[in-house]
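Biologist: I would like to go through this structure one feature at a time. Please give the general idea behind each feature before the case itself.

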Amino acid sequence: MIAIYPGSFDPITLGHLDIIKRGCRLFDDVIVAVLRNPNKTPLFTVQERIEQIRLSTRSLPNVEVDSFDGLTVNYARIRGAGVLLRGLRVLSDFEHELQMAHTNKTLDDRIETVFLATSNEYSFLSSSLVKEIARFGGSVDHLVPQHVALDIYRCYAKNLPASNPIVMDASPKVNYPTVDREV
Ligand code: PNS
């Protein structure tokens, strides 16, 4: 059984990684699919996010990272997937996630949505929160993979946290513009 784990992943967090690792044990293959969304201005390009996720999941042999646009169920059908995997953190996630699951079911009732309860320690965590913390100079080392934290600090270079004075010396994983990005 192939599962698609769709999302924005701007950027991937330890909460996402928790879902991917646990999904890997449940399904033969997990395809982490980054939505190409022209209506959003992300911090990282789709290609940057794909690279970040690939690096974060390199020890997981049954994970593939890809991008898609349009409807998730169409992408799932093309990839031969029977499951859409989503994480549930708190009650407030539930309404929107249930609405998406029902909508997707009306579009293709052979594709099931499977929810995994996010592990307790990540129940508060979101990509938006990570960006907000970094934007105001806080450390996100405990919230995202280390290489992603460095990528984020580069984007908010003017507000480097004091605990990370070395980040500007680290070799970039991908080529970023030197200008600050506002998100
Ligand atoms: O990480 P996110 O932003 O919560 O992911 C949301 C995502 C990408 C899963 C959702 O927006 C999505 O599936 N978009 C593709 C368009 C689609 O299929 N819409 C119908 C289902 S609501």
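Biologist: Which residues surround the ligand?

Modeller: This is a predicted model, in which local features need pLDDT of at least 70, side-chain atom pairs count only at pLDDT 80 or more, and totals for chains, interfaces and linings use all residues. Residues are numbered from 1 along each chain as its sequence is written, and side-chain values use heavy atoms, with hydrogens and water left out. A residue is near a molecule if one of its heavy atoms lies within 4 Å of it. Around the ligand are Pro 6, Gly 7, Ser 8, Leu 35, Lys 40, Gly 70, Leu 71, Thr 72, Arg 86, Met 100 and Asn 104. Helices (H or I, at least four residues) and strands (E, at least two) are DSSP runs, numbered from the N terminus. At least two residues of this shell come from each of β1 (2-7) and α4 (91-107).

Biologist: How far is the polar side-chain atom of Ser 8 from an oxygen atom of the ligand?

Modeller: A polar contact is a pair of N or O atoms within 3.5 Å. For Ser 8 the distance to a ligand oxygen is 2.6 Å, and a polar side-chain atom of Thr 72 also lies 2.6 Å from an oxygen atom of the ligand. For an N or O atom in the side chain of Arg 86, the distance to a ligand oxygen is 3.0 Å. Accessible areas come from the Shrake-Rupley method with a 1.4 Å probe. On its own the ligand has 550 Å² of accessible area, and the protein covers 71% of that.

Biologist: Where does the ligand sit?

Modeller: Rolling a probe the size of a water molecule over the atoms shows where empty space is left. On a 1 Å grid over the protein atoms alone, a pocket is an open set of points where a 1.4 Å probe fits, with protein on both sides within 12 Å along at least five of seven lines; lining residues have an atom within 4 Å of a point. A molecule sits in a pocket if more than half of its atoms lie within 2 Å of its grid points. The ligand sits in the largest pocket.

Biologist: Which element gives the largest share of the lining of that pocket?

Modeller: That is α4, with nine residues.

Biologist: Which peptide bond is cis?

Modeller: The one joining Asp 10 and Pro 11, with omega about 5°. Pro 11 is in the loop between β1 and α1. Phe 9 also lies in that loop, and its phi is near 50°, a positive value in a residue other than glycine.

Notes. Polar contact = N/O pair within 3.5 Å; in protein donor to acceptor, adjacent residues only side chain to side chain.
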